[in-house]
Amino acid sequence: MQDPLIQNVIDFISNIDPFTRLPKSIVERISSKVRIIYLSENEYIDSTVHNHQQYLYLVRTGAIEQIHQDGSLRSRLGEEDVFGFSLLKNNRNYQIKAIESSLLYLIPISVINEIHTSHPEYKHLFDSETEVRINSAINAVWSNNDNNHFLNNIQDVSTTNTVEVDINDAIYHVAQVIRTHKTSCVIVTEKDNLVGIVTNADMTERVIANDLNIHQPIHCVMTKNPMTINSTSLVYQAIITMMQSNIKHLPVMDSERIIGLVTLPLLLKNNRLQAIFFIDKVKSAKNEAELATLTTQRHIIFNQLVKEKVPADLISKIMSIIMDTYNQRLIDIAIERLGTPPCDYAWVVAGSHARNEVHISSDQDSALILADNATPQDKLYFQHLAMIVTKGMDNSDYRLCPGKFMAATPKWCQPLSTWKAYYKKWITNPEYAFLLNLSVFLDTRVIAGNTSFLHLIQDDIKERTANAYLLTTLFNDSLQHRAPLGIFNNLILVKNDNNEKTLNIKRHGINIIVDLARLYSLAAKTSEPNTRERLLIANQQGFISDGSLKNILSAYDFLCNFRFSYQVDAISKGQQPNHNINPNYFGSFERQHIKDAFRLIDDWQKVTKLNLGLLT
């Protein structure tokens with residue numbers, strides 16, 4: 001090669017991931033060793049050996065397909081795509097076919113191995129395992145060292161200087177202890193066992209406001225049997241617990257022993273996670289109009305979490321708790337307006353809301369389970385209640401479900417016996433319409449009312465889905481929706497409202513993982529609705545291997561993080577956030593790793609199909 005040609009190669013690959021993350025000197029070194037080949041349309045070469053050497057490949061122009069030895073498609077790649085990483089361990093064998101005239105850059109694997117040796121800090125960029133490269137991409141773009149504390153052990157942020165008082169100590173004595181130690185919370189014990197806590201707020205609200213006799217024992221005003229957190233828990237788990245329960249103090253326990261206390265200020269660094277304080281605003285909103293005024297603040301919180309590179313699964317859980325709080329407040333508002341519910345009920349959420357996977361574009365999915373003694377007049381009450389709640393949620397930018405899977409739809413506001421009959425019909429008649437209903441209402445949890453109603457239904461589901469034929473049918477139906485092996489050249493692209501061709505990252509990636517995780521949860525007989533937790537449980541029960549679990553969680557995390565970044569970018573441009581992404585939005589980095597994620601999903605689907613007999 002002449003120097004001008006080398007410079008041309010340098011200019012090209014220095015803008016392609018993972019080379020963008022290498023020092024200039026290493027990029028120049030790689031470029032000087034590049035070989036260039038031209039393939040005419042339909043021409044083949046063997047990827048394992050070309051001119052007695054192995055290479056990493058980079059598509060300069062054109063488009064190629066990777067073809068397995070059995071003739072099946074491995075992937076379809078276009079300009080700026082890099083492939084051949086698996087050859088670093090000689091563990092893949094496929095052919096390369098040009099589907100149009102193509103120019104390829106070939107980087108000798110010997111050069112990559114030399115970089116591994118001389119610069120081991122960059123080894124992960126060229127790892128033969130796709131899962132390692134995707135996690136490297138996540139860390140490069142969506143990891144923030146300031147946010148690593150979310151994954152720290154709770155003991156790293158808790159205080160061991162806890163202040164304890166006896167259950168029989170007088171209120172005035174406890175007040176003196178609080179003042180002397182300048183603490184916001186004291187632990188109440190009985191024979192060294194935790195029985196309660198008392199905070200400054202408790203003293204104000206329960207003692208001063210009620211003009212209580214301060215010579216009474218502290219157990220009269222303490223919070224009995226307070227929530228605690230295990231010493232092995234992580235910081236983000238404490239944050240979630242505090243948000244869900246609207247508390248500001250958590251005793252840290254080692255078995256039955258109190259070893260510390262974690263408080264809100266200890267958890268919040270640099271005023272992060274204003275969501276915790278935002279929840280108080282939602283809970284105190286007086287009506288639907290006041291709730292609607294909080295919408296912009298909620299969007300700001302989402303933007304802040306994404307821009308501060310908080311992990312996607314934690315963002316989803318925080319946004320889910322916020323959505324829970326809106327929903328619960330609207331139920332309370334409706335009850336204040338309509339009067340006490342005439343019979344027992346359970347307000348059930350479904351879909352992404354139930355899975356604790358809420359994002360900025362999540363819509364409503366809900367249902368009402370009523371006691372079997374509900375009268376027609378009782379049903380009318382709950383239909384009015386559901387209308388108030390669903391309309392209030394819509395006014396707060398939680399859009400109505402396009403499929404009308406909402407409690408305000410009379411079909412989904414029914415007694416327990418009717419719901420049991422629904423599930424029986426769906427399970428015993430695995431036809432398309434019934435499968436759709438079943439897929440929606442297999443992801444459920446109760447956010448208000450009698451939780452036992454849903455537990456009874458879930459027990460029924462576990463018995464009925466023991467049917468191997470049903471599970472086989474459900475898995476086969478899910479496996480019809482394959483992960484795309486090529487996302488450009490107009491493949492799997494659909495037109496949006498502006499007549500632009502886009503990739504729906506939810507339909508073609510995230511939903512495939514969510515749907516299969518749901519079915520694995522049936523095989524594992526768990527009622528856990530969260531996708532990540534379902535996969536972990538399936539792994540623990542032997543349905544998913546450790547390798548498959550790592551691969552699919554890497555793909556899932558990458559796609560979720562990418563979706564959130566795209567949605568925030570759309571909001572900043574004044575656009576409506578959604579899942580339809582114009583391919584022009586993709587840079588080399590996104591294109592490369594989205595394809596990696598899709599290939600991991602496709603591999604998992606193939607493994608699932610092979611193991612179908614073991615699952616059912």
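Visitor: Leaving aside neighbours within four places in sequence, which residues is Arg 329 in contact with?

Guide: Contact means heavy atoms within 4.5 Å. By that rule, Arg 329 touches Val 282, Lys 283, Ala 285, Lys 286, Leu 291 and Glu 336, its neighbours within four places in sequence left aside. A word on the model: it is predicted, local features need pLDDT of at least 70, side-chain atom pairs count only at pLDDT 80 or more, and totals for chains, interfaces and linings use all residues. Residues are numbered from 1 along each chain as its sequence is written, and side-chain values use heavy atoms, with hydrogens and water left out.

Visitor: Where is Arg 329 placed?

Guide: Helices (H or I, at least four residues) and strands (E, at least two) are DSSP runs, numbered from the N terminus. Arg 329 sits in helix H12, residues 312-338.

Visitor: Is Arg 329 buried or exposed?

Guide: Buried means under 20% relative accessible area, exposed over 50%, and partly exposed in between (1.4 Å probe, protein chains only). Arg 329 has 11%, so it is buried. Its side chain reaches the backbone oxygen of Ala 285 at 2.8 Å.

Visitor: How many disulfides are there?

Guide: A disulfide is a covalent bond between the sulfur atoms of two cysteines. The test is a pair of cysteine sulfur atoms within 2.5 Å. The count here is zero. For Cys 220, the nearest cysteine sulfur is that of Cys 185, 18 Å away. For Cys 560, it is that of Cys 401, 20 Å away. Cys 560 is buried because its relative accessibility is 8%. Cys 220, at 40%, is partly exposed.

Visitor: How much space lies in the largest cavity?

Guide: Rolling a probe the size of a water molecule over the atoms shows where empty space is left. On a 1 Å grid over the protein atoms alone, a cavity is a set of points where a 1.4 Å probe fits but cannot get out; lining residues have an atom within 4 Å of a point. Grid points are joined across faces, edges and corners, and a volume is the space filled by probe spheres set on the points. The largest cavity holds about 160 Å³.

Visitor: Which residues lie nearest its centre?

Guide: Leu 442, Ile 461, Leu 522, Thr 526 and Ser 527, out of 14 lining residues. Helix H17 (451-464) and helix H19 (505-523) each give two or more. H17 gives the most, with three.

Visitor: Which peptide bond is cis, with omega near 10 degrees?

Guide: The one from Asp 17 to Pro 18. Pro 18 lies in the loop between helix H1 (3-13) and helix H2 (24-31).

Methods. Polar contact = N/O pair within 3.5 Å; in protein donor to acceptor, adjacent residues only side chain to side chain. 1 Å grid on protein atoms, 1.4 Å probe; cavity = no way out; pocket = protein on both sides within 12 Å on 5 of 7 lines; lining within 4 Å.
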